[in-house]
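Let's take a walk through this protein together, from its overall make-up to a few of its details. Have the sequence and the model open as you read.

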Amino acid sequence: MNLDLDETERAFRDEVRSFFAIRVPGAWRDRVRAGIRLEPTDYITYQKCLAARGWGAPTWPLEFGGTGWTPTQLFIFESEASLADAPGLFHQGLELIGPIIFTYGSAEQNAQYLPRIISADDWWCQGYSEPGAGSDLASLRTRAIRDGDYYVITGQKMWTSYAHVASHMFVLARTSVEKRKQSGISLLLIDMATPGITVRPIDSLDERHHVNEVFLDEVRVPVGNLVGEEGNGWSYGKALLDRERGVTAANALRLAQQLRAVREAAGRVRHGGRPLIEEPAFRAKLAQLEIETLGVEAMVMRVMTQSSSGAESRLSASMIKLRWSELLQRATELWVEVLGYEAAVFRALDHGDVSFPADMPHAMHGALYSRVTSIYGGSNEIQRNIVARRWLGL
């Protein structure tokens, strides 16, 4: 990736920078910098703005409504998004199931789902994990039994992010029982308005409603909603998970901005009569995080280049997911450490209290929410196993 921008690329950078300056409200910036997800309505608003500009699917091929950007353009877009504290492309339809549909799905599925994903008219959630089948996803027990032109699905899904607002869900379900547990699993697309679906909230550490458990009680799904071939869902599911880990590459570019927030807070907070940023021990700790962040950014550039050229980058995505989640947790912990007891007022925003510096409640929310990043998308323990087996041959 050549980062010596030519005239055209500089013009593109200025265009992107101007877009973010206009389209990203200040209320979003504070939350994004802390690593906190926005409300679904905010994501939908943002996605519709991107779609109207022709930037609704930055990583998709042109033939499916994407931008066709070069690796350098994609890096410029993500870098400027980070500098502007713009939201990430969280939309699960856009970055997860959409590419699986246009890679393995039918022409009818492409026509039905892809435009509505880009426009954010549909919101998708992911029906993968189950009780007893989280990291060991192949042990899933949700069944999909063929009944004429329908599959009848019965089972339970756990930790389903934003199922309470989703219009659709992509589900891994067992369509046959095989000796090898990875076999006999299929990938199905479900309209959340279908009778037999019950969604119940799960309270999380940050006292926000992100995740749910979903019960499927004889939910009838048309056979045409099967993605690819019956029984090949494990392969599609793995490809989707690999892509989910790759999505963290863009998130990794935001680490530097979050560390800037830590540095700014340390310049404001005084310790022993002088700003904390002047303490040698603290400066060394912050510098170490900044150095490791530069290393992750270099890996991100490599993955973006590989992805755009069609090269395999799955192992790099696992490594980035590992390092990004660990660095994010350390960065947000350091942010709370800088703010001290005052960071504990993380519910101030809920009650309209604006008497504290804006980063105080967001810092604590970010630190609490960051705990999940080493679990979702395949836990970090699983990622270490993947790297050990596929790369090191252990």
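What share of the contacts in the protein chain with a separation of 6 or more comes from residues 24 or more positions apart? The share is 73%, where contact means heavy atoms within 4.5 Å. You are looking at a predicted model, in which local features need pLDDT of at least 70, side-chain atom pairs count only at pLDDT 80 or more, and totals for chains, interfaces and linings use all residues. Residues are numbered from 1 along each chain as its sequence is written, and side-chain values use heavy atoms, with hydrogens and water left out.

The protein chain holds 12 helices and nine strands; these are DSSP runs numbered from the N terminus, with helices (H or I) of at least four residues and strands (E) of at least two. Of its 394 residues, 52% count as buried, meaning under 20% relative accessible area with a 1.4 Å probe and protein chains only (exposed is over 50%, partly exposed in between).

Let's step inside. The largest nonpolar core has 69 residues, and Phe 20, Ile 97 and Phe 170 touch the most other members. Such a core is a set of buried Ala, Val, Leu, Ile, Met, Phe, Trp, Tyr and Cys residues joined through side-chain atoms within 4.5 Å. Helix H5 (residues 92–104) gives this core its largest share, six residues. Leaving aside residues up to four places away in sequence, Ile 97 touches Gln 92, Ile 117, Trp 124, Phe 170, Leu 187, Leu 189 and Leu 240.

Met 169 is the bridge partner of Cys 125. Seven bridges join E4 to the antiparallel strand E5 (residues 185–191), with His 168 partnered by Asp 191.

Our last stop is the second largest pocket. Its lining has 13 residues, with Leu 83, Leu 253, Ala 256, Arg 260 and Glu 297 nearest its centre. A pocket, on a 1 Å grid over the protein atoms alone, is an open set of points where a 1.4 Å probe fits, with protein on both sides within 12 Å along at least five of seven lines; lining residues have an atom within 4 Å of a point. Helices H4 (71–83), H8 (255–268) and H9 (280–309) each give two or more residues to this lining.

Note on methods:
Two strands pair if DSSP finds at least two bridges between them.
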